[in-house]
Amino acid sequence: MRDADVVVVGAGLAGLSAARTLLDAGRSAIVLEARDRVGGRTEGDVIDGHPVELGGTWIGEGHSEMYRLVADLGLETFPTWNDAGSLLLDLSGKRSRLAPTKGATPKLNPIALADLAQGLARYGRLARSVNPRAPWTHPKAETLDGQTYETWVRRNLRTPTGRAYFRVLAEAVYAADPADLSLLHTLFYTASNGDLETLASTDRGAQKDRVAGGSVQVAEGLATGLDVRLNTPVRRIAQDADGITVTAGDGTAFTGRHVIVAVPPTLAGRLDYDPLLPAWRDQLTQRAPAGTVVKCFASYPTPFWREEDLNGQAVSDTGPVKVTFDVSPPGAEIGVLLGFVEGGDARRWQRLPDGERRRQVLDCFTGYFGPAAATPMTYLEKDWSAEEFTRGCYGAHFAPGTWTSYGPALREPIGRIHWAGAEYAVEWSGYMEGAVRSGRHTAGEILRAANR
């Protein structure tokens, strides 16, 4: 007797979506979750009585499965504050305001603007030439994967402003420094998410909407009716001709025909496997680190920046907070600013004492939005790289040489062991949408194999 047809490791959106797909098809599944909650890299909290998203926040253009889930679960979305006011763009010591619409042109000097335009066009053409299902098959894959994103920026952008824009964009999207990233990986990621403009935009972009009450409710809704075992960290996965045995840290064993490992690659690589994983799969997980990001929230009696015709969004090449958003609740009962500390800035900033970290964040908020930002009602931080069962966000990024050397190993099952998660998604990689699609796809593969 087996405990279930499939054992799922991880109760994030991917794992829960996989288990739900299996259950709907008449198969049994047990979901093992190390934390005391479901949601994975989505997590909710409350600031001054109002919900905020400590983890995954936005649903955007093309995220059809997430919108469908929200509707099916009886939840609602509301737009990220973007309808009025301007975005602050602060690059190379020059500050300008940008209209909050997709495709808006920043007010830069003609030389910088032309440089930025040609860089975006050139990068866009490259991204469109990459197949997100198999980036390693690109005719110039070795060349693209043999250089960093930073190398490409230096070679293709001529002005400090143009280079600064591309560097800040990389930090905001990958929570990593441009020199950490394979150029081919950034091209894959861009192609997977439509285009660079969609990744960067709020209006008709990836940051378009939020879930009223917090995105973690989607995971909680998916978990309803599933056999989810919380506080059950997995330590070992064994497989043989008859099935799999998944062993938790306390020695409890769960058996099934298949296992879906729905945790980030870096965590999947830390599990014990019997027999050992093939070398190329293990080597892949060693080359797919998670990004470094801290989300910093500050609440105020009102969203005062709106009175100054600002929408709470800022993009700057001076840190530690280089990107901000207005994440106030609907109706603006209070004002809440969200600031991201990412990549190398985060790696340095997170080692500082509590008071110094807070001071630096509020100094950035004040620099963007004025002295009223210096004295919030509440200040809150979430450091995802410090989370035991995450160890970084938003997702994994590939170093140079990884896609061309190990790319085919990313999604390929190892016997009865299957993989799911936002990193494994072909479409909308890295987003909640990608996690849901990946979980369903992996469950579908198991179902199709069983029906052969």
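1. The second largest pocket is lined by 14 residues, and Arg411, Tyr424, Val426, Ser438 and His441 lie nearest its centre. Strand S21 (417–419) and helix H15 (432–450) are the elements that give two or more residues to this lining. Here a pocket is an open set of points on a 1 Å grid over the protein atoms alone, where a 1.4 Å probe fits, with protein on both sides within 12 Å along at least five of seven lines; lining residues have an atom within 4 Å of a point. Helices (H or I, at least four residues) and strands (E, at least two) are DSSP runs numbered from the N terminus.

2. This is a predicted model, in which local features need pLDDT of at least 70 and side-chain atom pairs count only at pLDDT 80 or more, whereas totals for chains, interfaces and linings use all residues. Residues are numbered from 1 along each chain as its sequence is written, and side-chain values use heavy atoms, with hydrogens and water left out.

3. Helix H15 supplies five residues, the largest share of the lining of the second largest pocket. By class, that lining has five nonpolar, four polar and five charged residues; Ala, Val, Leu, Ile, Met, Phe, Trp, Tyr, Cys and Pro count as nonpolar, Asp, Glu, Lys and Arg as charged, and the others, Gly among them, as polar.

4. Strand S14 (residues 258–261) has His258 and Ile260 pointing one way and Val259 and Val261 the other, and all are buried (under 20% relative accessible area, 1.4 Å probe, protein chains only). Strand S1 (residues 6–9) runs parallel to S14 and is joined to it by four bridges, with Val8 opposite Ile260. S14 also pairs with S21 in the parallel sense, over three bridges, and Val259 stands opposite Ile417 there. Pairing requires that DSSP find at least two bridges between two strands.

5. The count of aromatic pairs comes to 19 (rings of Phe, Tyr and Trp, the last by its six-membered ring, with centres within 6.5 Å). One of these, Tyr123 with Tyr149, is edge-to-face, at 6.2 Å centre to centre and 80° between the planes (edge-to-face means planes over 60 degrees apart). The pair links helix H3 (residues 110–128) to helix H5 (residues 149–156), its members being 26 residues apart.

Methods
Rings of Phe, Tyr and Trp (its six-membered ring) pair if their centres lie within 6.5 Å; planes under 30 degrees apart count as stacked, over 60 as edge-to-face and the rest as tilted. Buried means under 20% relative accessible area, exposed over 50%, partly exposed in between (1.4 Å probe, protein chains only).
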